[in-house]
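Reader: I have a model open and would like to talk it through with you. Could you put it up so that we are looking at the same thing?

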Amino acid sequence: MSEARLLISWYSVTGLNAALARAADAGARGVAGCRVRRRPAHRTRVEDLAWASGYLFVAPENFGQLSGGLRLMFERCFYPLETALQGRPYALIVGCGNDGRGAVRDVDRICAGWRLRPVAEAMIWRGGADMPAAQLREGRAQARELGAALAEGLAGGIF
Ligand SMILES: Cc1cc2nc3c(=O)[nH]c(=O)nc-3n(C[C@H](O)[C@H](O)[C@H](O)COP(=O)(O)O)c2cc1C
């Protein structure tokens, strides 16, 4: 079995998605047999994407679409890896205000272009960065679980 390697590429301005990405990272790092890289979108390199055997993308929705920071990462890296990532698994977290479905649609469309495989239902966490602390704690707990599940799936060869 080849080594399990999870890349978490994230974008955040006011902190919600940064917190969810950190929680997912903590969950994934608790799993033996999976290496993890967590990179902000602007520092996510083609090499990081090529290195990984699975992906977790974390970003807000803005104006009904995937926010620009993560979109730029995809735009920068898409063609250098056009056919290189086929079949690899991915999951998505969208921390947003009151919707999130547009960002999910955009990421799914981009990932379909890379022929990545969705392996979990997208986690949409609504309420914005100033949501009540208990709600943020619950979001972080779910993100942590998703990170762990992805790492377990990769380490166990399930995906
Ligand atoms: C210009 C702008 C547009 C936004 N548009 C949407 C939107 O279309 N749908 C939504 O659910 N939230 C929307 N939001 C809310 C953000 O997704 C929310 O503030 C989120 O917490 C931002 O993520 P961050 O805290 O990780 O930066 C918007 C926020 C801004 C500033």
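This is a predicted model: local features need pLDDT of at least 70, side-chain atom pairs count only at pLDDT 80 or more; totals for chains, interfaces and linings use all residues.

Reader: Fine. How many helices and strands are there in the protein chain?

Author: The protein chain has 5 helices and 8 strands, and along the sequence they follow the pattern β-α-β-α-β-β-β-α-β-α-β-β-α.

Reader: And what radius of gyration does the protein chain have?

Author: The radius of gyration is 14 Å, which agrees with the value near 15 Å that a compact globule of 159 residues would have. Along the principal axes, the C-alpha atoms fill a box of roughly 45 × 35 × 25 Å, and 44% of the 159 residues count as buried. Among the contacts with a separation of 6 or more, 83% are accounted for by residues 24 or more positions apart.

Reader: Now the ligand. Which residues are the closest to it?

Author: The closest are Ser12, Asn17, Pro60, Cys96 and Gly97, out of 20 residues that surround the ligand. The elements giving two or more residues to this shell are α1 (16-29), β4 (61-62) and β6 (89-96).

Reader: Which of those gives the most to the shell?

Author: That is α1, which contributes 3 residues. Sorted by class, the shell has 11 polar, 7 nonpolar and 2 charged residues.

Reader: Since β6 came up, what about glycine 95, is it buried or exposed?

Author: Glycine 95, which sits in strand β6, is buried, because 31 other C-beta atoms lie within 10 Å, against a threshold of 20 or more. Leaving aside neighbours within four places in sequence, its contacts are Leu16, Asn17, Leu20, Pro60 and Trp125. Two of the residues closest to the ligand, Asn17 and Pro60, are therefore also in contact with glycine 95, using C-beta atoms within 7 Å as the criterion.

Reader: How far apart in space are glycine 95 and glycine 15?

Author: Their C-alpha atoms are 9.4 Å apart, although 80 residues separate them in sequence.

Reader: Let me switch to α4. How many residues does it have, and what span does it reach?

Author: Helix α4, residues 101-113, has 13 residues and reaches 19 Å from its first C-alpha to its last, which is close to the 18 Å expected at 1.5 Å a residue. Its buried residues are Ala103, Val104, Asp106, Val107 and Cys111. They cover an arc of only 165° around the axis, so they are on the same side of α4.

Reader: Why would residues three or four places apart point the same way?

Author: Because an α-helix has 3.6 residues a turn.

Reader: What do the buried residues of α4 pack against, and which exposed residues are on the face turned away?

Author: The buried residues pack against β3 (54-59), β4, β5 (65-66), β6 and β8 (123-126), whereas the face turned away from them carries the exposed residues Arg109 and Ala112.

Reader: And α3, which of its residues are buried?

Author: In α3, residues 68-77, the buried ones are Leu70, Met73, Phe74 and Cys77. Seen down the helix axis they fall within an arc of 95°, so they line one face of α3. What covers them includes β1 (4-10), α2 (46-51), β3, β5 and α4.

Technical notes: Residues are numbered from 1 along each chain as its sequence is written. A residue is near a molecule or strand if its C-beta atom, placed from the backbone, lies within 6 Å of it. Helices (H or I, at least four residues) and strands (E, at least two) are DSSP runs, numbered from the N terminus. Ala, Val, Leu, Ile, Met, Phe, Trp, Tyr, Cys and Pro count as nonpolar, Asp, Glu, Lys and Arg as charged, and the others, Gly among them, as polar. The radius of gyration is taken over C-alpha atoms; the globule rule is 2.2 Å times the number of residues to the power 0.38. A residue is buried if 20 or more other C-beta atoms lie within 10 Å of its own, exposed if 12 or fewer, and partly exposed in between; C-beta atoms are placed from the backbone. Two residues are in contact if their C-beta atoms, placed from the backbone, lie within 7 Å. The expected span of a helix is 1.5 Å times one less than its number of residues. The arc is that of the directions from the helix axis to the C-beta atoms.
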